[in-house]
Amino acid sequence: MKFLAIFRFELAYQGRRAWPWFFFAVLLVFSFLMTRDGTLAEALYEDFFLNSPFAVAKTTVFGSLIWLLVAAAIAGDAAARDVATGMHPLTYTLPVSKAEYLGGRFLAALVLNALLLLAVQAGILLAIYAPGVEAEAIGPFRPAAYLTAYAFIALPNAFVATAIQFSLAARSGRAMASYLGSFLLFFMGFFVAAALLFKQGLGTLLDPIGIRFIVEDLSHSWTTSEKSWRLLELKGTVLTNRLLWLGIALGALAVTFLRFRFAHRTESSGWRRGTRRRDEHSPMPADLGVTASAPISVPDVPRTFGFAIHARWTLAIAWASFRTIATSWAGLALLVAIPLLTVLVVLDQMAALGAPLVPTTARVLSELTAPLSAELSRWVIIPPLIVFFAGELVWREREAGLGEITDAMPGSEWAPLLGKFLGLGLVLAVFMTALMAAGMLAQVIRGHQDFELGLYLKVLWGLQLPEYLLFALLALVVHVLVDQKYIGHLVAIMAFVFIALLAAMLGLEHNLLVYGAGPGWSYTEMRGFGPFLGPWLWFKLYWAAWALLLAVVARLLWGRGKERGLGVRLQLARHRFTRPTAWVAGAAAVLILTLGGFIFYNTHVLNPYLSGSDLTERRAEYERRYKRYESIPQPLLTGTNLRVEIHPERRAVEIRGSYRLVNGSALPIDSIHVATAIGGVETRVVTFDRTATLTADDEEHGHRIYALERPLAPGDTLRLDFEVHVERRGFGNRGVDPSVVANGSVFTSGAWFPFVGYQRQRELLSATDRRAHGLEPRPVLASLHDAEGREAAERGGGISFEAVVGTDEDQVAVAPGALRRTWTEGGRRYFHYSTTAPIGREWAFFSARYGVHEGRWKDVEIRIFHHPEHTAHLDRVMRSVRASLDYYTEQFGPYPYRHLSVVEHPGRLGTGLHAEASMISHGEGFPFWTPKDEEGSLDFPFAVMAHEMAHQWTLPYAHVEGAPFLSEGLAWYSAMQVVKASRGDEELRRLLAFMRQPHPYPPIRRGEPLLRALDPYLAYRRGPFAMYALSEYVGSDQVNRALRRLIETHDSAGAPRATTLDLYRELRAVTPDSLKPLLHDLFEVNTFWELETERATAEQTAAGTWQVTLDVRARKVVYDSAGVETEVPMDEPVPIGVFGPAEEGAGELSAPLDVRMHRIRSGEQTITVTVPHKPVLAGIDPYHLLDWEGREDDDNLEAVTAGR
Amino acid sequence: MELHLRGVSKTYPNGVRALKDVTLTIPAGMYGLLGPNGAGKSTLMRILSTLQEPDAGSIRLGDIDALKQKDDVRKTLGYLPQEFGVYPKVSAEELLEHFALLKGIAERRARKDVVEALLRQVNLWEVRKQKLGGYSGGMRQRFGVAVALLGNPKLLIVDEPTAGLDPAERVRFLNLLSELGENSVVLLSTHIVEDVSELCTRMAIIDQGEILLEAEPLCAVAGLSGRIWRRILSKHELPAVEREHSVISTKLLAGRTVVHVFSDAAPGPGFEPATPDLEDVYFSTMAGHIGRRREQPQPEAAP
């Protein structure tokens, strides 16, 4: 009864306050916008229903994230209001039990929160069914979609968060402590789960919000049809996660219940009984009347009230503010706990795919920084903390009860405002310093001594700190203006959500419109800060001017005294608008206008301004206008002759070139369609070697039509001469194009060069975009059986390429082809490249102060162009390139070129590489990818290089389903064989063991079979493993012969492009009939073998040999594309292996005694093998040919035990 | 320096008229503002301390327009609010020094001296290193006094300062105030009549936002001479007496009821003339026998 009364009172009390309704409104609007814009936009390549369970779940996750950050006041107020208001002596002495009191309050908070979270579902429903959505985007109404999202995500989140917020607030007696509870959960979800533990799969388990398992896991592993139809299920990791957090929440509640006392709260631990007693017994005067006393002896000291004392006040308040934060729990979390965890995060991140990365300062810094608006970065935890601290500072005096005293002190409002800002700024500066120390500590632990302190200071203090300071000022101003703490938090957090998420959703892209926004900066060792700092600084100055204006507003409306209504404060503001304040405001306004004008001049006049939707519209319009020319005959490019002048300092490039075009069709061609570059690239002259008139010139969409006076007869050749001029002036809204910079220029032909014919790659891809612009649907990849991709390769085996590239005297320019000659002329250095065999249509150009590492393989010149300081990778790359050439030329046919270039270009700290004909390029991460180079450890970069080399033999493949497998899958199979041939079986097994892990490609047990592969998992994992298994069954010679024949068939001029069907035909040809069922299982359907050895025993025979008996179990299942699992009977050869003791340092499978095929049926069976020596290990499919997917415990092999 | 209030009015958004056309002149010295709870004392005090805006009226402190030149008022203001808190984790000395700086005492040495003198004055010197969170209510109040006294204020406003003090502390505090009253305006609001009678040279009685009486305590008491009558009676006689006479106060004395009656002439048998004191002035004013309320058509609630 009392419980109900408490519950009802609390519910009614908070229900009458303003803030729950604000929270409700915010959640409603947020979910609406998220559904309307976010969910639609994020499904870039996908096409699922707006109201699919997946979309609903995703919005629910983000909604509950927002709820977590803004609505902690509900639980906090329920738990701590009595203490905070000083009511507790009255309530604590009521005849109410702890269970009734705490239970009623907690339940009321929980119910309120659960009701609040309904706003998310309401917002989603509203977004879907309110007018403005196309009917095709909406699937059938399914209540289960909303119910599961609410029940599996929102409700558990509400319970967990309310419990933790409530516990902290009850414990501290301060409602604001609940925000710390929110922060803790936020921190777990974003910082701990995201960064530290992701690799161990614990991340998903530890994420209390659902960001990991909805936004990360399901987004990547669900197919499009699943995203449309599949319901969220409470099982597996999701279930464990929910149970784990419910358990933690119950634990927190139990602790709160046990520790809670209806007792007086002492305020300070520094409270000393002794002195208190002395005070109580202070002498009592004999006479209680007022008596004359000694005159007051307070000295009359001089006082000043000028500018200097205001500065002193500001500093004193700043220092006091800093101390308050730095000694609070949240402050310690920021200044100590987060930097300490950061050490672990940095250490964890200094590895890629199993091999360590050298922790250079640039790389460590990339882990320590993020733009404010990076909503999925781990540093997204900082802005909510800033908001929290800002609130604490603004409310510090009033919450201590000192508000009236301090408000009646002399001095302008500038002192507290600036003082608090400086105090918060000091906290952030110390935080940056702590991060610096954390980064260096991580470097020391990894044995890296080269700290580059200057770079640390520049990046953390010079670039990251201002980002935080701008937001800190905004948070302070919001709290000052709103003047209601909970609502202040709400508004400030929503301001952050606006900056990070909503602005983009609402289509506000211009950095002049989103507070604190601006183009990013980047630092690489090759490029340095490049030209990025200028634009960054202009935008930051512009926003600093705004911040100044905001500060003036906050100063004018600074609440002082008892009355804080807006009317009163506006009235006061009039008095406060003194001459100096007016000057400051005026200066800020002038700065905003000048800086904004300058930026506008750069982004709109010097550079064309195009929003995202402008760009999509332009692409759509291109397709609408010129798609009809796609299939008309056009001459093919067969050769180039280029003169490329790179001016790194001027950020300019001039290109003069001529193309040789051949009419390869059977019809005469009377007009030439030339696609010209768009966006800041000037295509100056286009001429032909016969008379042509320009009949259409569409500058905006980059399409020109030239009518030939005399049509081009079939087989005839036409020359096209052109001039392209690129000069980067000023900066755009997105900053500076990094293509041409002082050191480390890189650009490709695709964006700048003119090409003949309709350019299909300019078409919009996303189904949503295409629908929005009224374009025909276009699948990402055409169906395997679609004729479209099967047409003959459009070029007869590629083009011949010739170019002279000029650059600054101290730089080296790289282009496709072999270097013929280099010379210096007029203070510039020239490089003449030409090809010895045809190459593709995409050409990359580089220019930098390169070091060149040269080597040879037979008559092939190998050149590695690298940043002079990046040398750790050179020998490994050379080894791998030579081993690859050895193997591939022998197995797949000759290498067509006389040269190979490996080029480093700036940026991209990742370890990825890109292969084009005779050229492999990589970012600055690759050189620092340094395996331990010790016996028994995997050299993964070597294998990656071999993979890139395999692309030199990649077929011209059709862009249809299965293409990713033909390209990446075959290249990885080839790399495996190179590793085996050059480094031995042991190294291959290490490579395979590594690739069997579920990272970075989590397994997918459904979807398309290999022949129709689309997904990276199929391309990079299942494909190579299927090829490898086949090569072990039928012999790698046979498989390689099939591949060689495939290459020969499709690589010649005019040959049709290859598909997986061609590959499959060749593979069938080399596979004996007995193994054709296996071939079918591997390629035509999704087959999974589950093989297990239960027991392996051995007995020595009289002859001295050993008889090994294995109890094995086998199961084979097939998944269809919808994920339906069917068990199929199994009866096929599977290797059974028995192994002796391995030598010191060698792998456990290095001493095979007997590995042979045995026929294995479904179910349990016993197999007997006789071996000459004592066995140690035995099992089914020991090399994981069929049952290859990595699991926690490898159950294929068992230790052999003594006889039964 | 004198404090002049002209026609100060204040109505709260919820309709409560806290001050109605208050006009007062407050000279240097101790000035008592006496009134029941909710009379508008605190509103008036806060307006004088620059923390609240009146709807109408003007306030001048010497040459300063206190409503416009707030900062000038603040420079010379000492304010002890009715209720205040402290930062629990800071020591008294530290916080007082912080406030001393805020009061414009820039020079470090001077600040130290002032802080020491004040802490000694309010008897907190011994416990100056203690965190304020451990202070008792009285210690906290004395700390507040020290803050109010910083910078030798010319205008000292103390809002019900003696409410939380034990008798000894109260005496010491009032002593302190009377010292200061020698050359500053000290405005003391209280509902304890003794505070005023013991200290103040001038006083005003305020109720429901109106100044009912502005007087010197001694003159006011003298003015009542011969008009206050006293009778000791039993409880059941009280209603009859209240019906027939203008009873201004009743109180218990050793189980019997003592009534004071205002009357220009002897009210009748059983009554004896009483020597008036300030309490009689207060109750007579509240009951409308003297002061502003007498001039109004219908006297409002009697005590």
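Where is Asp1181(A) found? I looked it up first: Asp1181(A) sits in the loop between strand E28 (1177–1180) and strand E29 (1197–1199) of chain A.

**Ground rules.** I am working on a predicted model, in which local features need pLDDT of at least 70, side-chain atom pairs count only at pLDDT 80 or more, and totals for chains, interfaces and linings use all residues. Residues are numbered from 1 along each chain as its sequence is written, while chains are lettered from A and ligands numbered from 1 in the order in which they are written. Helices (H or I, at least four residues) and strands (E, at least two) are DSSP runs, numbered from the N terminus.

**Confidence, chain A.** I checked pLDDT, the predictor's confidence in each residue, from 0 to 100. Chain A has a mean pLDDT of 87, with 93% of its residues at 70 or more. Residues 267–292 of chain A fall below 50, and that stretch has 36 contacts in the model beyond near neighbours in sequence. I noted the pLDDT below 50 over residues 792–796 of chain A too, a stretch with 11 contacts beyond near neighbours in sequence. Here two residues are in contact if their C-beta atoms, placed from the backbone, lie within 7 Å.

Most residues other than glycine have a negative phi. For burial I count C-beta atoms, placed from the backbone: a residue is buried if 20 or more others lie within 10 Å of its own, exposed if 12 or fewer, and partly exposed in between. Asp1181(A) is buried, because 23 other C-beta atoms lie within 10 Å. Ala254(B) also has a positive phi, of about 50°, although it is not a glycine. I find Ala254(B) in the loop between strand E12 (247–253) and E13 of chain B. Is Ala254(B) buried or exposed? Ala254(B) is exposed, because it has 6 other C-beta atoms within 10 Å.

**Sheet in chain B.** Two strands count as paired if DSSP finds at least two bridges between them. Six bridges link strand E11 (residues 228–233) and strand E13 (residues 256–262) of chain B in the antiparallel sense. E11(B) is joined to strand E14 (residues 272–273) of chain B by two bridges, again antiparallel. I followed Trp229(B) both ways: it stands opposite Val261(B) in E13(B), and its bridge partner in E14(B) is Pro273(B).

**Sheet in chain A.** Chain A has an open sheet of four strands in the order E7-E8-E5-E11, with antiparallel pairing. Strand E7 (692–698) and strand E11 (755–756) of chain A stand at the edges with a single partner strand each, so one side of each has no neighbour in the sheet. Strand E5 (residues 669–675) of chain A pairs with E11(A) over two antiparallel bridges, and Val674(A) stands opposite Val756(A) in E11(A).

**Helix H33(A).** I checked the length of helix H33 (residues 1036–1051) of chain A: at 1.5 Å a residue its 16 residues should span 22 Å, and its end C-alpha atoms are 22 Å apart, which agrees. The expected span is 1.5 Å times one less than the number of residues. Its buried residues are Val1039(A), Asn1040(A), Ala1042(A), Leu1043(A) and Leu1046(A). They cover an arc of only 155° around the axis, so they lie on the same side of H33(A). The arc is that of the directions from the helix axis to the C-beta atoms. I see these buried residues packing against helix H29 (874–892), helix H31 (963–995), helix H32 (1016–1034) and helix H34 (1060–1070) of chain A.

**Where the chains meet.** Glu563(A) lies in the loop between helix H23 (533–556) and helix H24 (566–576) of chain A. Leaving aside neighbours within four places in sequence, Glu563(A) is in contact with Val568(A), Gln52(B) and Glu53(B). Glu563(A) is partly exposed, because 19 other C-beta atoms lie within 10 Å. The contact takes 56 residues from chain B and 48 residues from chain A. On the side of chain B that touches chain A, H6(B) gives the most, with eight residues.
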